[in-house]
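Work through the exercises below with the sequence and the model open side by side. Each task is followed by a solution that goes step by step.

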Amino acid sequence: MMTALDDTTLVPKKIPRPVVIALFCAFSFLLGLPFGMQNGQYLVDLFDNFSANFPLMMVAFFEVISVAWVYGINRFCADFEEMTGYYPNIIWRIMFVAVTPLSLAAILIYSLVDQLRSPILYGKFVGCVADSWTEDVDYPPWAWGLAAILVFSSFLFIPILAFMAFLPRILGPQFEIRLPLVAAHEEEEAAKKRFEMTQHYTNCAA
């Protein structure tokens with residue numbers, strides 16, 4: 001997580017790294033306190049069911065779609081060949097373009113339907129009733145709201161950033177939103193091209 005923060009401009013560089021690490025550790029400690037309290041096991045079950053499996057599959061689905069269909073399978077294979085010297089054959093291209101996206105979509109739909117038909121339950125303490133201290137009951141509405149936040153927070157930025165990227169094409173360049181990291185990368189690329197042009201003209205003059 002610290003590496004990801006260092007690679008972005010979210011944290012000002014003037015703040016010392018030990019201070020950033022201390023603040024991040026304190027935030028993580030406070031975030032983890034509810035899991036160690038009396039009812040923490042219910043939160044653990046909630047996070048275990050909704051913060052890993054479904055969100056990871058959604059991220060993987062969007063990654064495959066963005067690489068195979070948005071970036072383009074031919075460009076991806078050309079990049080792969082440039083890095084490894086091997087151009088993926090037709091079987092791999094079919095897997096990237098069709099088989100993997102369809103498989104992930106089928107798994108996602110099945111998981112969603114299964115969750116709606118058989119929602120998770122938690123053991124509510126009721127005392128010694130019928131040789132059992134607990135009974136299985138549904139989570140309250142606020143817990144399902146938290147579960148929805150867990151699921152959508154992992155991939156919601158993908159359609160948001162895609163909409164931000166296409167917004168200037170629809171409404172005009174005045175609606176262009178440049179992210180700090182993207183702007184820094186574009187400036188670096190522009191500076192590199194200016195340097196290459198200067199070297200080219202210098203060699204031609206010589």
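The exercises begin with the overall fold and then turn to a single helix.

**Exercise 1.** Describe the secondary structure and the burial of the chain in this predicted model.

*Solution.* Begin with the elements: the protein holds eight helices and two strands, and, read along the sequence, they follow the pattern α-α-α-α-α-β-β-α-α-α. Next consider burial, for which the cut-off is under 20% relative accessible area; buried residues make up 16% of the 206 residues in the protein. Finally, among contacts with a separation of 6 or more, 47% are accounted for by residues 24 or more positions apart.

**Exercise 2.** Compare the span of α4 with that of a straight helix, and locate the kink in α4.

*Solution.* Helix α4 covers residues 53–84, which is 32 residues, and a straight helix would reach 46 Å at 1.5 Å a residue. The end C-alpha atoms of α4 are only 31 Å apart, and thus fall short of that value. Now look along the helix for a bend: a kink of about 105° is centred on Gly72. Just after α4, Gly85 takes a positive phi of about 80°.

**Exercise 3.** Identify the buried residues of α4 and the helices against which they pack.

*Solution.* The buried residues of α4 are Phe54, Pro55, Met57, Met58, Val64, Ala68, Gly72, Ile73 and Cys77; Gly72, on which the kink is centred, is therefore one of them. As for their partners, the buried residues of α4 pack against α3 (40–50), α5 (90–117) and α6 (141–153).

Methods. Residues numbered from 1 in each chain as written. Predicted model: local features only at pLDDT ≥ 70, side-chain atom pairs only at ≥ 80, totals over all residues. Heavy atoms only, no water. Helix = DSSP H or I, 4+ residues; strand = E, 2+ residues; numbered from the N terminus. Expected span 1.5 Å × (residues − 1). Bend = angle between axes of the 7 residues up to and from the residue. Buried < 20%, exposed > 50% of the residue type's maximum accessible area, 1.4 Å probe, protein only. Contact = heavy atoms within 4.5 Å.
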